[in-house]
Amino acid sequence: SDLLPLGGAGEIGMNFYLYGCDGKWIAVEMGVTFADGTLPGIDLITPDPAFAESLGENLLAIVITHGHEDHLGAVPYLGLRFPRASIYATPFAAGLIANKLADAELEDALDLITKPLGARFKVGPFDIEYVTVTHSIPEPNALLIRTRHGTVVHTGDFKVDPEPLLGTATDEADRKSTRLNSSHVALSRM
């Protein structure tokens, strides 16, 4: 199994992570960062998608954890570069993406699939599950990405809040088939 961050690791913004298994890949997030004013005329910056583009039809899906711009803001700019990769998101994030695509006149150009909170689904060799966490936006999620090699926990953004003002509390259910041990990897972004 492989992990390749194309953006977001060690920085705030431009989240774009690739996970590989058996020659197939998924992307988690497709975000932007906001320019700091040092580049005149540039407001948004996207990750460099060149490696992801080189995967061609082996990039199977783009999975979005939540609706912040640094996690989904690049979809209308980069999404067309991955015409065979379906985009998965929970309802709130899917609605934001749909609005962005409509604004860019791309509403029918990409395959946007809405998954309910807590959904578990398969994409190629990946078994993906949305796990509810708390954050500062509706429907934030972590992902459990299961493969034959093990399970990765991709946390997305989260905060520990047992009584959130918005949304539900973090899903702390014991997933007996996914107990983490030293052979699993956990990515954390706060």
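Trainee: Which residues of strand 11 are buried on one side, and which on the other?

Mentor: Let's start with the term: buried means under 20% relative accessible area, exposed means over 50%, and partly exposed lies in between, with a 1.4 Å probe and protein chains only. In strand 11, N141, L143, I145 and T147 are buried on one side, and A142, L144 and R146 are buried on the other. Seven of the seven residues of this strand (residues 141–147) are buried, so it is largely enclosed by the rest of the structure. Before we go on, note that this is a predicted model, in which local features need pLDDT of at least 70 and side-chain atom pairs count only at pLDDT 80 or more, while totals for chains, interfaces and linings use all residues. Residues are numbered from 1 along each chain as its sequence is written, and side-chain values use heavy atoms, leaving out hydrogens and water.

Trainee: How many helices and strands does the protein chain have?

Mentor: Helices (H or I, at least four residues) and strands (E, at least two) are DSSP runs, numbered from the N terminus. The protein chain has four helices and 13 strands. Of its 190 residues, 46% are buried.

Trainee: What about the surface: how much of it belongs to carbon and sulfur atoms?

Mentor: Accessible areas come from the Shrake-Rupley method with a 1.4 Å probe, and for residues only the protein chains shown count as cover. The accessible surface of the protein chain is about 9,500 Å², and 54% of that belongs to carbon and sulfur atoms.

Trainee: Back to strands, please. How many bridges join strand 10 to strand 11?

Mentor: Two strands pair if DSSP finds at least two bridges between them. Strand 10 (residues 126–132) runs antiparallel to strand 11, and six bridges join the two. To find your place in this pair, look for Y130, which stands opposite L143. On to strand 9, which is joined to strand 10 by four bridges, again in an antiparallel pair. Here V123 stands opposite F126. Strands 9 and 10 form a hairpin with two residues between them, and G124 in the turn has a positive phi of about 55 degrees.

Trainee: Now a helix. How far does helix 4 reach from its first C-alpha to its last?

Mentor: The expected span of a helix is 1.5 Å times one less than its number of residues. Helix 4 (residues 91–103) has 13 residues and reaches 18 Å, close to the 18 Å expected. Its buried residues include A93, A94, I97 and L101. They cover an arc of only 100 degrees around the axis, which puts them on the same side of helix 4; the arc is that of the directions from the helix axis to the C-beta atoms. N99 and D103, on the other side, are exposed. Just after the helix, E105 takes a positive phi of about 55 degrees.

Trainee: What do the buried residues of helix 4 pack against?

Mentor: Contact means heavy atoms within 4.5 Å. The buried residues of helix 4 pack against helix 2 (69–72), helix 3 (75–78), strand 7 (86–89) and strand 8 (112–114).

Trainee: Which residues does Y88 touch?

Mentor: Y88 is in strand 7 and counts as buried at 11% relative accessibility. Not counting residues up to four places away in sequence, Y88 touches A61, I62, V63, I64, I113, K115, F121, V123 and Y130. From Y88 to I62 the C-alpha distance is 6.2 Å, although they are 26 residues apart in sequence.

Trainee: And which side chain makes a polar contact with S86?

Mentor: A polar contact is a pair of N or O atoms within 3.5 Å; within protein, one must be able to donate a hydrogen and the other to accept it, and residues adjacent in sequence count only if both atoms are side-chain atoms. S86, also placed in strand 7, has a side-chain polar contact of 2.5 Å with D111. S86 counts as buried, at 12% relative accessibility.

Trainee: Which side chains does H66 join in this way?

Mentor: H66 is in the loop between strand 6 (59–63) and helix 2, and is buried with a relative accessible area of 0%. Its side chain has a polar contact of 2.9 Å with that of T65 and one of 3.3 Å with that of H68.
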